[in-house]
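Hi,

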Amino acid sequence: MPVEFKLEFLKKLRTFHRYFYAVIMVLFFVLFAAKYISWHVQTIYFILMFLIFWLVDELIFYAKNHVNPAPFQIRLVAYSLVMLVGRHIADTSIPVACVLFIYVFLLMTEEIFFSDVFSDTNSMFLCILMSLISTAIVVPFKAKMSAAYVMVIILTFIICLLTYYLVYLLYSQSIKNFDDRYTKLYFKNADTVEENLKLGEFQQKVEKVNSEINLQKLNLTKANDELQKINTETRSLIEVMKYFSSNFNVPLNAKQMISNVMEIKKTSMCGFYMEKDTYMNEAPYLEILSVSSTSKMILEQDILDIYNTIKRKKIPEPLVICKNNDFKYPYLAGADICNAVAFPAFENDKVYGVMVVTSGKYDFFDGGFAFYETSIMNFTAALISDRLYLQTEDMAKKDGLTHIYNRIYFNNFYPKLCNEVLAENGELTVAMMDIDHFKSVNDTYGHLAGDEVIKMVASTDQEFAKKYGGTAVRFGGEEFLLILPNTSLEKAYRILCEMHAKIKNTEVNFEDLVINVNTSMGLASFKETTDDIHAVIEGADSAMYYSKEHGRGRITISGKEGQDIDW
């Protein structure tokens, strides 16, 4: 029988014995109370005997060799003899004798249970011995015994012997069957354990393969994500290129570029700066998109310094301003960012602008700079095309000598302006001017000197057009227009007086010559001098001719010819 089973049974047996001895003690007191037994030496003997048995059993059950059958055999014989002695101290009542017999039977059963080797000879001897002791306990021997009493003793002995031997046979056979089954199960279990080990090894291999497959899946998923990201970025760049090719507006293209960067890369801020004269722009261009007004303000202050830093570098390459809160340059301090890179915009190795990209996320630029650099390269390609178009368009609508708008541009521009003024119920004031005695300038100083005079007047016209939100036009050979939308007649007259005086007081230096010229001007205004907006040019022309015919070098207002102006 397995040791584990004996140990487990021993724990339960110890608990059972405690209850058993407790019941014995209670039973003695009950028998004593019922006067089946009297309080004398035999009663005290049995009570002390069971108490001693109880203590010895606790020692046996707690001993390290408690699964060894030897203590149980000694215990069986010793306990039985002790009880036999007590049984013959005095006459014992039948209930006490029955208790003693039951206890002997219990001891015999436990001894058989804890036997490791079953020997028919030894077991038969033990059964005979315990049958004799049990018989002596149940039926005590007397000095004088009748034949009937002897028969009772013999019958009791036979019954005890048969009972003990039957218990022995039943238990030994059960143990043998159990051991056979246990042996088969043990070997079967050994085979199962071996199979389990093989299955465990196979499972480890499967888990390793699964881990590799999962790793490949993760890598594939990551590659797919990267591919989708690249596809998204590529599609966005293509859409931006389509937008570039659909118009020739450089500022709108620049804004579309940084808007696309903000949308695709989820940046916190993106700004673009171009120096003047990049695309016929007379002032630097700046556009910033930001999720933070404070960061935008800081970039507005620092972007010119960032641009100049990049221009000083010999090789146009990205300038890492800040990487994970580590600022490499003293720019953008105070902005809510932890990464910032400036990307140069260059043409033929000459830097003309810079795009600054920032983010509040860590490791934001770990994916590289390709998308940003490609965006700027595409913009530069579009810029070259746009600039060529703008130059061609500018040549078509501007006068080649004075570089102000020509008559062709005026013929397209002016009707649209009139419609806008009518739609807005606004005002429109036009001044027409002519250089006095221009033919004599050409005849006296030559046509090249005349060209310098024309350029001076055109430059002054352009200067006042920019200053007051108007448009300067070379209307004819020496005739010019100053178109002032949404300007009252009085204000336009004051502007014209200022411009007239500046032209008169400006000296034209040509070679060794100093030339002074004057102009005759006419002024007309929609709503103040005429109710017909299409008659404004005609009114200004008539007023100018009135000035030329009445002394030249003066300003005449249409409808107020010959009147003194007291504004």
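Searching the whole structure, which is a predicted model, turns up 1 cavity of 30 Å³ or more. A cavity here is a set of points on a 1 Å grid over the protein atoms alone where a 1.4 Å probe fits but cannot get out, and lining residues have an atom within 4 Å of a point. Grid points are joined across faces, edges and corners, and a volume is the space filled by probe spheres set on the points. Helices (H or I, at least four residues) and strands (E, at least two) are DSSP runs numbered from the N terminus.

Two housekeeping points: residues are numbered from 1 along each chain as its sequence is written. In this predicted model local features need pLDDT of at least 70 and side-chain atom pairs count only at pLDDT 80 or more, while totals for chains, interfaces and linings use all residues, and side-chain values use heavy atoms, leaving out hydrogens and water.

Now the largest pocket, a pocket being an open set of points with protein on both sides within 12 Å along at least five of seven lines. About 450 Å³ of space lies in the largest pocket. It is lined by 23 residues, and Met-280, Glu-282, Asp-394, Lys-398 and Tyr-405 are the closest to its centre. Helix H7 (250–265), helix H9 (370–397), helix H12 (447–467) and strand E8 (471–474) each give two or more residues to this lining; H9 gives the most, with 4 residues. The pocket lining divides into 10 nonpolar, 6 polar and 7 charged residues.

On to the salt bridges (a side-chain nitrogen of Lys or Arg within 4 Å of a carboxyl oxygen of Asp or Glu). The structure holds 18 of them. In one, Arg-387 pairs with Glu-347, with the closest N and O atoms 2.7 Å apart. Arg-387 belongs to helix H9 and Glu-347 to strand E5 (residues 339–347), so the pair ties together parts that are 40 residues apart in sequence. Arg-387 is buried, at 16% relative accessible area; buried means under 20%, exposed over 50% and partly exposed in between, with a 1.4 Å probe and protein chains only.

Asp-399 and Arg-474 form another salt bridge, with their closest N and O atoms 3.1 Å apart. This pair links distant parts of the chain, as Asp-399 is in the loop between H9 and H10 and Arg-474 in strand E8, 75 residues apart. Both residues are buried.

Lys-266, in the loop between H7 and strand E1 (269–274), has a positive phi of about 55° although it is not a glycine. His-403 sits in the loop between H9 and helix H10 (407–424), and its phi is also positive, near 60°. Lys-266 is exposed at 53% relative accessibility, and His-403 is exposed at 54%.

Best wishes

Notes
Nonpolar A, V, L, I, M, F, W, Y, C, P; charged D, E, K, R; others polar.
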